[in-house]
Amino acid sequence: MTQLPRLHWSTLGDDTGGLEHRWAALWDVTVDRGTAPALAPRDVDLWVISAKGAWPPPELNRMMAEVAALPILLGLQPDSAPMDAKALSEWGSLGSVRWGVLGPEPPMPGLRPRSGTTTQLSASQALAFGLVGTSIAMQDVLARARAAAATRATVLLLGESGTGKEVIARAVHRMSADNLEAFVAVHCGAIPENLLESELFGYNKGAFTDARKDTPGKFREAHGGTIFLDEVGTMPLGAQVRLLRVLQEREVQPLGGGAPVKVDVRVITASNVDLWKKVQDGSFREDLFYRLEVVPITMPPLRARREEVPFLAQHFLNRKAREHGLYPKALHPSVDPLLMSLPWPGNVRQLENAIERAIVLSGTRPVLTREDFAFLAERMGEGSPAEAEAPKAGFTPLPADAFAPQAAPAFGMDLPAEGLDLNQVVSDMEKTLMLQSLAITRGNKKRAADLLGLKRTTFLEKMKRLDLEDSDPVETAE
């Protein structure tokens, strides 16, 4: 018996009118009748969402990072009022969507993700992939990544070491229609030249000494999914010829002879060197370069997106604390401008390592201060004489006391001649300290209470008494 494709319908509380039974001839239909949508099952082929109102529910926006390139059909009731342009735009921003009218004729199977211009990832969607998309530079990166994910085009990632090229490669794979298939990462620079071809393209038994059995190679391991070739600029010319054939013919020729093997794989490559310069000096094939540069994405260095540093720092702070089994720590507000002022030659990877080092060496203290990052002064704060003569563009050398702890605010005061309202002074001091604790913990009331040595219930009571309830309406979660 032929298995029908799966359709999942989120009605958002609307009456189905029995349409799911009429559609059953072409689809295996499941229905979510809740007013708040639930994530569609991973094995569905089409997600139908009853579209109504000027705005999609917030839950849908948060789900889109997990949906990837699943085709979505936004369904309108036949008697519904036409949507205006703004409403259409808001619903259309969900991703790879089409519009249709809900009726007895079932949706046609075979709907594919929409190619061409696609919307950018929202900040929440980017964070789901371990990325931050607040800067203009990264918004362009994420828009290109999403556009590439809706197709099978070859992607070339360029940028300095540590900028997150592999993270973007994995994001493209996760957003694609083939996200359940294999993602195979190969670091070409780490494999000896004489072994690279056999590692990538496989070999037959007896092809060379120690070839005791047939081995498929990385391309065949990635069949149906994505292969990521990092440091592709280090690939020797012989392997470049074979890679070019794979891209042209979509087949691999194992070492040792035998028939070519067809492969269906998306190729994503990355390089931290200028490949065009390697083409000009003859160390990289020009025809291969054009094959790889179908969708070029240049990763901006961290110094070009300083506004993302606090978000990345907090992300690594939470993750590294979990990895080391430590209680979550917080960054003092004075640390953010310090980290944003550094040039970060090692980019995101260096920032991650710096956060981990500060966490480990800070002991049991719950808050990291500027002093915890003093080790960076030797490498980046003071710099070498050569760096002093030719500083990086956009980088202002830090003052000698940049990493010194800031003086704590003094609360001492003289009693004025006319006297004062002690209850008001104490109330103002409490309010100041509570606001500082909330700023340090970025709104997490449990951790803010811990910083002040209070129980969470006591902290909440004080917030209510001091009329602070509306200053932080959304409590962050760890």
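Visitor: Is N347 buried or exposed?
Guide: In this predicted model, N347 is found in helix 14, which covers residues 347-361, and N347 has a positive phi of about 60° although it is not a glycine. Its relative accessible area is 0%, and since buried means under 20%, N347 is therefore counted as buried.

Visitor: Where does E231, which has a positive phi although it is not a glycine, lie?
Guide: The phi of E231 is about 55°, and with a relative accessible area of 30% this residue is partly exposed. Its place is the loop between strand 8 (226-230) and helix 9 (237-249).

Visitor: Which residue in strand 12 does L156 stand opposite?
Guide: Strand 6, residues 155-158, pairs with strand 12 in the parallel sense over 4 bridges. The residue of strand 12 that stands opposite L156 is P296.

Visitor: How many residues apart are K262 and E251, which form a salt bridge?
Guide: Side chains of opposite charge can pair when their charged atoms come close. In the pair of K262 and E251, the closest N and O atoms are 3.5 Å apart; K262 is exposed at 56% relative accessible area, whereas E251 is buried at 11%. The pair links distant parts of the chain, with K262 in strand 10 and E251 in strand 9, and the separation is 11 residues.

Visitor: Why are K320 and E323 separated by about one helical turn?
Guide: K320 and E323 form a salt bridge whose closest N and O atoms are 3.3 Å apart, with K320 buried at 7% relative accessible area and E323 partly exposed at 48%. They are separated by about one helical turn because both lie in helix 12 (residues 309-323), at a spacing of 3 residues.

Visitor: Which residue forms a salt bridge with D372?
Guide: D372 counts as buried at 13% relative accessibility, and the closest N and O atoms of the pair are 2.5 Å apart. The partner is partly exposed, with a relative accessible area of 36%, and is R365.

Notes. Residues are numbered from 1 along each chain as its sequence is written. This is a predicted model: local features need pLDDT of at least 70, side-chain atom pairs count only at pLDDT 80 or more; totals for chains, interfaces and linings use all residues. Side-chain values use heavy atoms; hydrogens and water are left out. Two strands pair if DSSP finds at least two bridges between them. Helices (H or I, at least four residues) and strands (E, at least two) are DSSP runs, numbered from the N terminus. Buried means under 20% relative accessible area, exposed over 50%, partly exposed in between (1.4 Å probe, protein chains only). A salt bridge is a side-chain nitrogen of Lys or Arg within 4 Å of a carboxyl oxygen of Asp or Glu.
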